[in-house]
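Keep the structure open beside you and follow each step.

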Amino acid sequence: MTMTIFGGFFCRAGDDDNRCYHYFPCLLDPARRSTLYLKVALVMLHLVFIGVVFVFYADFRHKAAVNPWYMSLYLLLFVATIAQYFFTSGSSPGYVLDTMRKINETNALARTLAASKQPATSKNGNVVITVDHREPGRSLLGSNELHWTKLVMDMYPPGASCRAWTCSYCNVLQPPRAKHCHDCDKCVLQFDHHCVWLGTCIGQGNHCRFWWYICEETTLCLWTCILYIQCLQANILKSWWVDVIMIVLLAILLILLIFLLLLLFFHSYLILTNQTTFELVRRRRIAYLRGIPGRVYPFSKGICRNLYNFCCSRNNLYGMERLPTAQELEEKSRPYTCLNILSCRCCC
């Protein structure tokens, strides 16, 4: 019989009680199996690039013996990067159905207790809802569904049709900026993109964690490139096959570094302007963005407030933003003047 090896377990392909599937049930799903293989490959890639430094760079080992903090910081960055990768890949991007369920549960509980609590609405029309995934799901029918419909339709211009904003796959009314992900088969709040390497969507719930992962990965890649260059300078022409290995790996690292820097700058730009990748790339195909000029950022509230909302307001809360009115769009489209710059209009 054929044998398969995974994680130290040897499994016979013809056995009814397959040990691999017993210990790793995720292998039954082809999509989850591919994601798991990608994660293992990514970790192994990190170990190879960093292991070469320790094997061939003797001066680095000597420097680490003299200054232990130097190696400790490098290894700490490596561990933090891998931990952030798994933390981000396992986080929820903010599914519309989860938010709908929580709102309906809160509304049902409020009616049961005859309380007057309602979702808070700020002056700019944004609705903020606390989401807790630990609570069991309940029925989404009846008056609860009507409550969700009214809540979402208030974010669209008057006269908008529910059918136009209802997902044909999930059969759920989508708030503005939400989109159905065909890979996850769920609607995601403030959908940015589906990351193949992470195996999950990037949305409102984990975009901040994704940015920090890119930042840590870029720093680790840059530091490793510096170590590779120092190793080549110290050991050039001592062993030609070692030089070939180091040069090839350094070339790969430089390509990865350029890609990571571009990705980091791109997502930093999106954060400062309160945009998503999907909105930027498919702007002309999104109905509520189609007629807005490209230089106008309809959801931006200023650089400072955008940064605060991105970093501090997304850990435990999902904020659903309403579409800006024509008056607000006209104000955002006005060119900047010297007085606007002095009053920090772009920041506040």
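**Exercise 1.** Find which residues of α8 meet which residues of α10, and work out how the two helices are oriented.

*Step 1: the contact.* From α8, Ile 271, Leu 272 and Thr 273 meet Ile 303, Asn 306, Leu 307 and Phe 310 of α10. Contact means heavy atoms within 4.5 Å, and helices are DSSP runs (H or I, at least four residues) numbered from the N terminus.

*Step 2: the classes.* This contact has five nonpolar, two polar and no charged residues. Ala, Val, Leu, Ile, Met, Phe, Trp, Tyr, Cys and Pro count as nonpolar, Asp, Glu, Lys and Arg as charged, and the others, Gly among them, as polar.

*Step 3: the angle.* The axes come within 7 Å and cross at roughly 110 degrees; axes are lines fitted to C-alpha atoms, for helices over the stretch in contact, with angles from 0 to 180 degrees between N-to-C directions. The helices α8 and α10 are therefore roughly perpendicular (65 to 115 degrees).

A word on the model: it is predicted, with local features needing pLDDT of at least 70 and side-chain atom pairs pLDDT 80 or more, while totals for chains, interfaces and linings use all residues. Residues are numbered from 1 along each chain as its sequence is written, and side-chain values use heavy atoms, leaving out hydrogens and water.

**Exercise 2.** Describe how α4 and α7 cross.

*Step 1: the geometry.* The axes of α4 (residues 68-89) and α7 come within 9 Å, crossing at roughly 145 degrees.

*Step 2: the residues.* Among those in contact are Tyr 70 and Leu 73 of α4 and Trp 212 and Tyr 213 of α7. By class, 14 are nonpolar, five polar and three charged.

Notes: Angles under 35 degrees count as roughly parallel, over 145 as roughly antiparallel, 65 to 115 as roughly perpendicular and the rest as oblique.
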